[in-house]
Amino acid sequence: MVSRVVFGRGSFNQLDDILSLKRKGRNAPFIFYVDDVFKGNHWLTSRITLSYKDKIIYVPTKEEPSTGQIDQLVEDIILEYSELPSGIIGIGGGTVLDIAKAVSLMLTNKGESKDYQGWDLIKHAAIYHVGIPTISGTGAEVSRTTILTGPVRKLGINSDYTPFDQVILDPELTKDVPKDQWFYTGMDCFVHCVESLTGTYLNAFSESYGEKAFELCKEIFLGDSLSVEEAQDKLMMASWHGGMSIAYSQVGVAHAMSYGLGYLLGVKHGIGNCIVFDHLEAFYPEGVAIFKEMKAKHNIEIPSGICADLDQSQFDIMIDVALSLEPLWENAIGKNWKTIITRQKLLELYKKM
Ligand code: NAD
Ligand code: ZN
């Protein structure tokens, strides 16, 4: 679990105080990975104080993080500095948060990041790392994974060392998120809840967080009584609770199939989940009905026809990626999932998207 967390509008201003206690010396910098949407945005960046060799690195978020990108970022740090950093700080959405987690892990673990994609392969504790979300939904701020696209698979580095040492939850940072993106990333949280709450891995720990996040999502995306600020505050907490819920259970069919779209077509996580979930009535009847209601209320168009021009070998790649995520299927369907989920079924579903 994340060891320390502060919450509140304006809590971003505590960053300097929090970090000053963790500085290891003038040659051990803090490295700030910041979503490049904030480049030139003085409202945010002027509140980051750089001392000694500290550095802000703006990260493009068009594509999701890859193992090659992480290895390059780690090498850049090793070549530039004589000592390991005092800390790595990620300021952005799931993309940037995952980059910060992965870099902090790979600075202390030998070899290439692709070798650590999987469960509990990390040997050594990461560098001190801080997560500051600027968009709500993924739960990346709280989870024990960092999802990377590697040469052969899209899979997280899941480990006890992956969670942030410190998180700053300042809902004000989400104020300029565009509406479509707000919906897609918010729906990532909603899908986490549905997949966790209906899964066979569910336990009382996951359920208590999942139910809370599910209720918050309904209030935010279907209700009419919240102010803009209240909705931002609540979505940040829904994201946190949704992430906590899957930390001790698992996601399911939408995520497995969305990883296929992400791997082959580069479709991003939030929108990919929406594209898939829209067609999953057979697996999640109640959740999909609520999703469709939310989509209609906010006038959101989900892209369609993205698989229209694919050939059989491309469908096979997506199906291979989806089926390789065995814990997700086992959670969704049960131990006998292989007798129920066939390649043909997945092909038919992908063809609808
Ligand atoms: P993202 O980080 O890619 O950001 C989406 C878009 O929103 C980007 O264009 C970004 O620039 C913009 N944005 C972010 N904050 C903004 C702000 N305050 N104002 C204006 N624009 C802003 O999207 P995401 O949905 O947050 O994250 C997706 C990534 O998270 C994927 O790489 C996915 O694999 C990963 N993920 C990780 C976990 C985990 O547990 N580690 C869970 C789910 C998803
Ligand atoms: Zn997700």
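# Close-up views of a predicted model

**Figure 1. Phe32, a residue in strand β2.** Phe32 is found in strand β2, which covers residues 30-35. Like everything shown in these views, this residue belongs to a predicted model. Is Phe32 buried or exposed? Its relative accessibility is 2%, and buried means under 20%, so Phe32 counts as buried. To see what surrounds Phe32, set aside its neighbours within four places in sequence. The contacts that remain include Leu15, Leu19, Ile48, Thr49 and Leu50. Asp54, Lys55, Ile56, Ile57, Ile89 and Ile91 are also in contact with Phe32. Take a moment to find Ile57: Phe32 and Ile57 are 25 residues apart in sequence, yet their C-alpha atoms are 6.0 Å apart in space.

**Figure 2. Ser11, a residue in a loop.** Look for Ser11 in the loop that runs between β1 (4-7) and α1 (15-20). With a relative accessible area of 4%, Ser11 is buried. Which residues does Ser11 touch, not counting those up to four places away in sequence? They are Val6, Ile168, Leu169 and Asp170.

**Figure 3. Ser113 and its polar contact with Asp71.** Ser113 lies in the loop between α4 and β5 (118-119). Its relative accessible area is 0%, and for this reason Ser113 is buried. The side chain of Ser113 makes a polar contact with the side chain of Asp71, at 2.8 Å. Once residues up to four places away in sequence are left out, Ser113 touches Thr67, Ile70, Asp71, Met106, Leu148 and Ile157.

Figure 4. Most residues other than glycine have a negative phi. Tyr52 is not a glycine, but it has a positive phi of about 45°. You will find Tyr52 in the loop between α2 (42-45) and β3 (55-59). At 53% relative accessibility, Tyr52 counts as exposed, because exposed means over 50%. Asp120 also has a positive value of phi, near 60°, in a residue other than glycine. Asp120 is found in the loop between β5 and β6 (129-133). Its relative accessibility is 47%, so Asp120 counts as partly exposed.

**Figure 5. Glu219 in helix α6.** Glu219 is found in helix α6, made of residues 204-222. Is Glu219 buried or partly exposed? With a relative accessible area of 29%, Glu219 is partly exposed. Leaving aside its neighbours within four places in sequence, Glu219 is in contact with Leu226 and Lys234. Arg4 gives a sense of scale: Glu219 and Arg4 are 215 residues apart in sequence, and their C-alpha atoms are 27 Å apart in space.

**Figure 6. Domain 1 and domain 2.** The domain assignment of the chain gives domain 1 (4-174) and domain 2 (179-351). The centres of domain 1 and domain 2, taken over C-alpha atoms, are separated by 25 Å. How many residues of domain 1 are in contact with domain 2? There are 29 of them, and they are in contact with 25 residues of domain 2.

**Figure 7. Ligand 1 and the residues around it.** Ligand 1 is surrounded by 27 residues, and the closest are Thr95, Asp98, Ser143, Thr185 and Lys268. Start with the nitrogen atoms of ligand 1. A polar side-chain atom of Asp98 lies 2.8 Å from a nitrogen atom of the ligand. The side chain of Thr134 has an N or O atom that is 2.8 Å from a nitrogen atom of ligand 1. Leu173 takes part through its backbone, with an N or O atom 3.0 Å from a nitrogen atom of ligand 1. Taken alone, ligand 1 exposes 860 Å², and the protein buries 92% of that. Which elements give two or more residues to the shell around ligand 1? They are α4 (94-106) and α5 (179-197), and α4 gives the most, with four residues. By class, the shell has nine nonpolar, 11 polar and seven charged residues. Domain 1 (4-174) and domain 2 (179-351) each supply at least three residues to the shell.

Conventions
Residues numbered from 1 in each chain as written. Chains lettered and ligands numbered in written order. Predicted model: local features only at pLDDT ≥ 70, side-chain atom pairs only at ≥ 80, totals over all residues. Heavy atoms only, no water. Near = heavy atom within 4 Å. Polar contact = N/O pair within 3.5 Å; in protein donor to acceptor, adjacent residues only side chain to side chain. Areas by Shrake-Rupley, 256 points an atom, 1.4 Å probe, with all protein chains shown as cover. Nonpolar A, V, L, I, M, F, W, Y, C, P; charged D, E, K, R; others polar. Domains from an automatic or database assignment. Buried < 20%, exposed > 50% of the residue type's maximum accessible area, 1.4 Å probe, protein only. Contact = heavy atoms within 4.5 Å.
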